[in-house]
Amino acid sequence: MLTRKLFNRIGLALIFSLLLTGCNSASGKKSVSTVYKNPLPVEFGDPFILSASDGKYYMYGTGGTDKGFVAYSSENLADWTLVGQVYDGSEPDSWTLKNYWAPEVYEIDNKYYMFFSADWKVNPTNELENFRIGVAVSDSPAGPFKEVSDKPLFDPGYPIIDANILRHEGRTYLYYSRCCYKHPVKSEVADWARTVGLFNEVEESWVYGVEISNDFTTVIGEPVLLLQPPYEMSNPQTEWESRSVTNGEVNRRWTEGSFAFEHKGKIYMMYSANYFGGEHYAVGYAISDNPLGPFVKAKENPVLEKNISKGGEVTGTGHNMVFRSKDNSKMYCVYHGRTEKTGSERVVFIDEMWIDELGRLIVDGPSTHEKEF
């Protein structure tokens, strides 16, 4: 018979073990919580994390090579190992030329599809920005990814970047950003900037959505404008979405880096505003009942922004995406940012996020203190 003293020791040991160990519902295996700290040691812009069916996480992003994309892999989200180059845009039959940006990878029917943007070789008018969106496919999240076509997915007649897809009720929707390039827009903000002698005009980036075929080869119908910077100075969103202009940084206002997901019958679309290379880059979100809108911006925007005015050290927070833990119990926001230590390099941050009982989206960041996955 166990003595009371020994029984107590066993009980305490069991409790201590349970505190340290969690159960992964997907695999039935026990896993110890992992401590991590932002920023992660990965120099990526526009980071994207795929929670793959092989049990690992894969991170893709802008950077690491000039002629395509590299990837990292991890089993715990804190420790990342370089996989290597997973897509090479220098292949002779590629439609691409340079400026490989914002890859997103989706696992569908045992295949891995990469959506990305790059400069198109076809450029008869020698445009400085000639970005289009392409698709590449692989049998493995570690690549190699090969383009599904020798041309971009489609040509809307203007440069586009930041592809993101959403599958909803058996149909597929593509979201993208029209670039600011040669897109001056009249607004009260532009009028103000001209009056105070900052800029003669203000160019804008807008987010569009369009249905595409489920095999990612064909556009169905015409693109629909979903999000753009506000026209009026009095609009509640104008102040935070116009900081790059009002601070004299650049004559552009961005609505870009969209990421859409579903929650309780609603479509949430997160997006970034302001100059991606500056300190004012920030994230907001909008909600719709339908994949192609209309979308209504949240009153509490921005939900992720620099924290230096609050004693923090993070600036330039933006171009985010959302993924879930392997057991589907938590949502995470992954994005790039900068600190004084990292300088101009964009580095990766991961912070937990959730949607409260009122439907409000909340990001627990930007953070630089120790946390647990």
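In this model, which is a predicted one, the protein chain is built from four helices and 26 strands. Its radius of gyration is 22 Å, close to the 21 Å that the globule rule gives for 373 residues, so the chain is as compact as a globular protein of that length. If you follow the C-alpha trace along its principal axes, you will find that it spans about 85 × 50 × 40 Å.

Now to the rings: how many aromatic pairs does the structure hold? The count is 26 aromatic pairs, and I have picked one of them to look at with you. The rings of Tyr-57 and Phe-323 have centres 6.0 Å apart and planes at 65°, and because an angle over 60 degrees counts as edge-to-face, that is what we call this pair. Tyr-57 sits in strand β5, residues 57–62, whereas Phe-323 sits in strand β22, residues 314–324, so the pair ties together parts that are 266 residues apart in sequence.

Are these two residues, Tyr-57 and Phe-323, buried or exposed? Both of them are buried, and they also belong to a cluster in which ring pairs link Tyr-36, Tyr-57, Phe-323, Tyr-332 and Phe-373.

Key:
Residues numbered from 1 in each chain as written. Predicted model: local features only at pLDDT ≥ 70, side-chain atom pairs only at ≥ 80, totals over all residues. Heavy atoms only, no water. Helix = DSSP H or I, 4+ residues; strand = E, 2+ residues; numbered from the N terminus. Rg over C-alpha atoms; globule rule 2.2 N^0.38 Å. Phe/Tyr/Trp six-rings, centres within 6.5 Å; stacked < 30°, edge-to-face > 60°. Buried < 20%, exposed > 50% of the residue type's maximum accessible area, 1.4 Å probe, protein only.
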